[in-house]
Amino acid sequence: MGLLSDPNRRQALISLLTRLNAPICVVCYMAGVAWFMGLAFEPFTLRTYMSENAMGSTMVEERFPAGERALATGREFASQKNKVDGMPVDWLVKAMQARGLEVFTQRFTRTLPFPDENNERYMVKGTNVYGILRAPRAPRTEALVLSAPCSPGDNNNQAVGLLLGLAQYFRNQIFWAKDIIFLVNEHDLIGMQAWLEGYHHTNTTGMDWSPLQGRGGSIQAALSLELSSDVITSLDLVLEGLNGQLPNLDLANLFYAFCQKIGVLCTIQGKLPRNDWDSVSGYSHAVQTMMLMVMKQASGRPWGDHGLFLRYHIEAATLKGINSFRQHKTDTTTIGRLLEGMYRKLNNLLERLHQSYFFYLMPSLSHFVSIGYYMPAFGLLAVILLLRALDLWVQLVTPAAPTEDGVVDVEQQSGSGVLSVLTPLVISHLTGTALYMLPIRFQEMAVEHFPVSETEAVVLTAIAVYTAGLALPHNTHRFVSGEATEQGWRVLKLVAVLYLAVLLGCTALINFSLGFILALTLVPVAAFITPHVPKVLSAFVLVVLSPACTLLFSVFFFQELQEMPVSFQDGWLLYLSVISQGILDHFLYGSLVYPLIALMVYPCWLLFWNILFWK
Amino acid sequence: MAAPLTLLLIVAVTIRAALYRSSLAELIAERVEVVSPLTAWKRVVEGLALLDLGVSPYSGDVFHETPLIIYLFHFLVDYAEITFMLADVITAVALYITVKDYNKQVFRKQKFALEADRYPADCLELIRSPKEMYYIPLKVAMFYLLNPFTILSCVAKSTCGLNNAVLSLFILSTIKGNVLLSAIFLSLATYQSIYPLTLCAPALLYFMQRLYIPVNVRRASFWWFIVQFAFMYLGSLFVIICLSFFLLGSWDYLPSVYGFILSVPDLTPNIGLFWYFFAEMFEHFRLFFLCVFQINVFFYTIPLSIKLKEHPVFLVFMQLAVIAIFKSTPTVGDIALYMAFLPVWSHLHRFLRNIFLVSCVLLACSALFPVLWHLWIYAGSANSNFYYAITLLFNVAQILLVSDYFYAFLRREHHLTYGLYLKKKDGSEATLILK
């Protein structure tokens, strides 16, 4: 307790921190960014390794033979899909029954809060079909899931064909210890959400579904398959789930191990693996892969049908087959062997996957960065906020005249101080609540008065409320305390900085990427805003670093990283659709990004805007 | 002062009523930081259902409330929300009257000391004026009613609110000087949860101060007063326990209530220190560590009473804090009660050293509790270590807060005796260091 009770040492440390506050903040920020960029440098990462002993060696002989038959089934599925113009439920039921599975269907309906222009749906009605392969000689306590989405048009037919082919093959094996559920879901994520809610008897999103008639045990792992071509050149692994949750790293390790064994080219984020980590282009390739993962995780969307399983503590991943212009093609039989091998290994699990990491970043499929390595980057950014808070506290507590430790009663100012802080807080949170609630509530009114569609109405109302927040009054404290004191804005800034620190800390724990990106843009703002900096320049910087503009830049950056750069027009339209998807994700699946930004990050940013214009 | 107090009460009741009607009420009622197995409303309802069926509510391990509570809610279960809001209002009003009375006594004592010229010349700035003490009772009531911890506890319908009401009535009757009522309320509070037993010491010290009985173990009047108080206290405790026996017709409740509090068989996570320790413990050592942990709660009574024998009200604050931190299943409602007293010591601000650090840590930990609970239980990515780390940090911050106020209080007393600006023997300025 020496530091906390010895006044001389405390005084020395505090005076050091207040004198060197700005330089230390700048150094910490640079160090944080440099640390983050250094994470992609291969010598700083670890090779992936299998942690779960039950999935140790890949000594399995895969014998799946029926790739061609699976493709034929896929073609039949495609024609049935065209005939029925939707999901061919009866055909699927008959096909699964013919393969010896216990088949059940589930109907679901959902009216979206506003039409989804990306997928062109508003009132969604659909059916999920699933067949359960019962384990021959085991109690029915655990299950594995293999799912393929039923997509409109020509997509994913081969996936469904392969699913049915695997079902037939698995039915003849005697070593299955867990039930295997083969699921074909309609309307991708909405159908998956309905199925999962029905399976687990929860109803968190207000969807209407019929109860499931048949059930396996508790699901240990799930894989979702997206295959749209007869031959592929590489298999892509998609890990990011809802709210940035990731499956256990062992699932990725399993996939990588089997790809090495069978000789299939495997990628993550669609980027091919490279060996030249010591060259500049090799390093930038790794950085791009990692940044793609960070962007995808920060968006909080599920990037594959697997994303919704993670919430129920089920490790899941999506495998996407990519057919590009390369020499070596992999046929369906090989993919079937890969899946057979993975399922045989998952069959061996004695308990849920928990040995490996749940929090990681992957600069490539064979290397990863765990939470212990990437959290210090965020920690360095958070330290800036704490240093600033300490500096403000010391300024607030010590007056000009020197005395002993801890001085004049903050009592006199605390009365007016509390009230002058409370007003901006209440106003900014009310604006945040308006940003959260108004776009959905007033879409009908907006559609009546303006020539826009509902989706555009929602998005444009959101942007309008966001911009209107900039015009809020900044001198409400004058009416409360009668004069603008130097103390007033310092107290407000102290509260705002601490609020931002706690908010970013909690966000980084749940979704590191979102927390880090918000920290990168908001921490410099929070640290250096005072009423005395040049107003126009700071206002411009503040707007450029606000959450909405960060999102705009992220959209352009994301497109660049995927090597599909967009023009400004297309980028702006993409930005609007990203906002509408974010709002829809919140209402459909319970994504937390939109409420977090509207109800907490935006009011915090408004507080700093208020401080800038404090009169 | 009645008008601001009434306004405050109306605001507090409105907030609670609004939250009762919203969908947050069920969410809050499940949080482990707000309800414990001893105080959860769900369990009270379960016990009432068992009682209606004619089965003893203590069969099975669900119900751990005392028989008086179950009979109270037998008649009031339809008005449960009003009961809990009323309990909060009673606590706030009792604390308000208590602090007003205490301030009057402090001011009177200060006036006598000033007239007797007992303070050194340079510590006049430490003297408190009635103007600065005028708003303190209202602030105490505000700190209790508008504390988010209290609001959460009330909305969750945790019986901690009722315990707080009984404790505040005990403090009120002590300050007013009514020995019998004080003993009765203290025995009710002890009957509810054993730990308020330690509040006997400050009550005794206060009465002795008020009745001018010297606190000296060699004097007969000291022991005679202790015997009187003990008789009243133990007598009322005996009456209440026998009443409980006759209400339900069996002694079942003794192991269910007191056995549960003392032997901690249920390791539901909460904001206390017991659950993780005893989850990790080997059976062989369980009894030993159980004794150590339970003695820890009672242990600080004697040393604190000896040090603070002139200041029994501060001793009450310290004891409430020690109980809230070290009891076997604390909840945020217990914390809210001792935090309500903080405005009474607002004149110690200039001597507090760690208030910034402590408030930052308390704020951050309160925000991190639900996040880490979510990561542990729902996402499955964290485990109990993460949650216990935040619990530990939270309790360390509370201990730091209490010890900081203790230091500031003692330092002010020291300055009042020896002067504010201390000089070493050669006349230069000295600094006080606590070693």
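Author: Of the 435 residues of chain B, 38% are buried. A residue counts as buried if 20 or more other C-beta atoms lie within 10 Å of its own, as exposed if 12 or fewer do, and as partly exposed in between; the C-beta atoms are placed from the backbone. The model is predicted: local features need pLDDT of at least 70, side-chain atom pairs count only at pLDDT 80 or more, and totals for chains, interfaces and linings use all residues. Residues are numbered from 1 along each chain as its sequence is written, while chains are lettered from A and ligands numbered from 1 in the order in which they are written.

Chain B has 20 helices and zero strands. The C-alpha atoms of chain B fill a box of roughly 75 × 55 × 55 Å along the principal axes. Take the contacts in chain B between residues at least 6 apart in sequence: 73% of them join residues at least 24 apart. Contact requires C-beta atoms, placed from the backbone, within 7 Å.

Now the close look, at a sheet in chain A. Nine strands form an open, mixed sheet, in the order β6-β2-β3-β5-β4-β7-β10-β8-β9. Strands count as paired if DSSP finds at least two bridges between them. β6 (208–209) and β9 (266–268) of chain A are at the edges with a single partner strand each, so one side of each has no neighbour in the sheet.

Go to strand β8 (residues 234–238) of chain A. Five of its five residues are buried. Ser234(A), Asp236(A) and Val238(A) point one way, while Leu235(A) and Leu237(A) point the other way. In a regular strand, side chains alternate between the two faces of the sheet.

β8(A) has antiparallel and parallel pairings. With strand β10 (residues 315–322) of chain A, it pairs in the antiparallel sense over five bridges. There, Ser234(A) stands opposite Ile322(A). With β9(A), β8(A) pairs in the parallel sense over three bridges. Here Asp236(A) faces Thr267(A).

Elsewhere in the sheet, β2 (residues 102–116) and β3 (residues 121–133) of chain A are antiparallel partners over eleven bridges.

Domain 1 of chain A puts 27 residues into the contact, and domain 2 of chain A puts in 25. α9(A) gives the most to the domain 1 side, with eight residues. That side has 14 nonpolar, ten polar and three charged residues. Nonpolar means Ala, Val, Leu, Ile, Met, Phe, Trp, Tyr, Cys and Pro; charged means Asp, Glu, Lys and Arg; the others, Gly among them, are polar.

Technical notes: Helices (H or I, at least four residues) and strands (E, at least two) are DSSP runs, numbered from the N terminus. Two residues are in contact if their C-beta atoms, placed from the backbone, lie within 7 Å.
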